[in-house]
Amino acid sequence: MSTKPTENKPLTSPQAVPAIIPSKKRQSFNALWLSDVHLGSKDCKAEYLLQLLKQVDTESLYLVGDIFDVWALKRRVYWPESHNRVLQQLLKMARDGVNIVYIPGNHDEILKPYSGFHLWDLSIANEYIHIGVSGRKMLMLHGDQFDSEVCVGRAYAKLGDHLYDLLLFLNRGLHQVRNWLGYPYWSLASYIKLKINKAQQAINDYQAAVVRYANTKAVDGVVCGHIHQPALELNNKVLYANDGDWVENCTLIAESTQGEIQLLKWDEISAEAKLVKSYSFDDSEQSPQQRHVA
């Protein structure tokens, strides 16, 4: 039985990024799903992601779209060393035998025509099905193909991207002031998504569209990204898992070595991925279990 959900709030705080520190302990998984990293964007938390990648062992790593932010790079070239180190770490993991599949999104859509190809030891696919430890099928896709179903055309998507950039810019200034006053991080972008009715309705419509599509594929779960809203929920008998992002939330989806599906959040203080929610296919009647994250 699921517990009462905690108050909706950003899952991490983009405070000053510490230097890369040695891992306290390694974490092992059967599979990891990452999306919406936005390498090439000023708001990408590349340092945190690099810490994660350096301390995990996994059989498969799925990059579920918007890993590179080509839209942002077209406006302004921004590629600090931390972003390059993330790319190099991904390539190293692929060379070391990790099965890495790259599913392009809308911000890195230039890779979509190369579905079925292998690039830099990575496989590229527009959709992919992962067979888990328990034999359950997890469909993965970025999710931008459902924009039209939630009344978001390409022009509106571009406009929304610019507005989101503006909110993140305001977030940076607001955080500096709040930090100076001794207040914790508070995300304007997340507040709008969670409190404005139309934004929340768009999130719900998006989830419904993804789940409807997953049902046509006869899978047990679906992993997506795109809307920067981490989630792990049982919806119409399909496990809906949204990676979130590495701009605000620093979250990912994982499959444990025992087959449990987990929503994880990077904690910059302890320098490890902490459990937020989990779901086991062995108990088909349960809802994903909420965990408290300090």
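Colleague: How many aromatic pairs does a search of the whole structure find?

Modeller: The search gives 7 aromatic pairs. Rings of Phe, Tyr and Trp (its six-membered ring) pair if their centres lie within 6.5 Å; planes under 30 degrees apart count as stacked, over 60 as edge-to-face and the rest as tilted. This is a predicted model, where local features need pLDDT of at least 70 and side-chain atom pairs count only at pLDDT 80 or more, while totals for chains, interfaces and linings use all residues. Residues are numbered from 1 along each chain as its sequence is written, and side-chain values use heavy atoms, with hydrogens and water left out.

Colleague: Why is the pair of Phe68 and Trp79 called stacked?

Modeller: The ring centres of Phe68 and Trp79 are 6.0 Å apart and the planes are at 20 degrees, so the pair counts as stacked. Phe68 is in the loop between E2 and helix H2 (70–75), and Trp79 is in the loop between H2 and H3, so the pair ties together parts that are 11 residues apart in sequence. Helices (H or I, at least four residues) and strands (E, at least two) are DSSP runs, numbered from the N terminus.

Colleague: Is Phe68 buried or exposed?

Modeller: Phe68 is buried, at 16% relative accessibility, and Trp79 is partly exposed, at 34%. Buried means under 20% relative accessible area, exposed over 50%, partly exposed in between (1.4 Å probe, protein chains only).

Colleague: Which residues form one aromatic cluster?

Modeller: Trp33, Tyr62 and Tyr128 do.

Colleague: Next, the cores. How many residues has the largest nonpolar core?

Modeller: That core has 38 residues, and Leu34, Leu52, Leu61, Leu63 and Trp246 have the most contacts inside it. A nonpolar core is a set of buried Ala, Val, Leu, Ile, Met, Phe, Trp, Tyr and Cys residues joined through side-chain atoms within 4.5 Å. Among the elements that each supply at least two residues are strand E1 (27–34), helix H1 (46–55) and strand E12 (261–267). There is also a second, separate core of 19 residues, which includes Tyr62, Ile103, Met140 and Leu232.

Colleague: What is Leu61 in contact with?

Modeller: Leaving aside neighbours within four places in sequence, the contacts of Leu61 include Leu32, Leu90, Met93 and Ile100. Contact means heavy atoms within 4.5 Å.

Colleague: And E12, how many of its residues are buried?

Modeller: 7 of its 7 residues are buried. On one side of E12 these are Ile261, Leu263, Lys265 and Asp267, and on the other Gln262, Leu264 and Trp266.

Colleague: Which way do E11 and E12 run, parallel or antiparallel?

Modeller: They run antiparallel, joined by 5 bridges. Two strands pair if DSSP finds at least two bridges between them. Ala254 has Gln262 of E12 as its bridge partner. E12 also pairs with strand E13 (residues 272–279) in the antiparallel sense, over 7 bridges, and there Leu264 stands opposite Leu275.

Colleague: What is the strand order in the open sheet of 5 strands?

Modeller: The order is E6-E7-E8-E10-E9, with mixed pairing. Strand E6 (128–131) and strand E9 (231–235) are the edge strands.

Colleague: Last topic, phi. Where does His38 lie?

Modeller: His38 lies in the loop between E1 and H1. His38 has a positive phi of about 60 degrees although it is not a glycine, and is buried at 4% relative accessible area. Most residues other than glycine have a negative phi.
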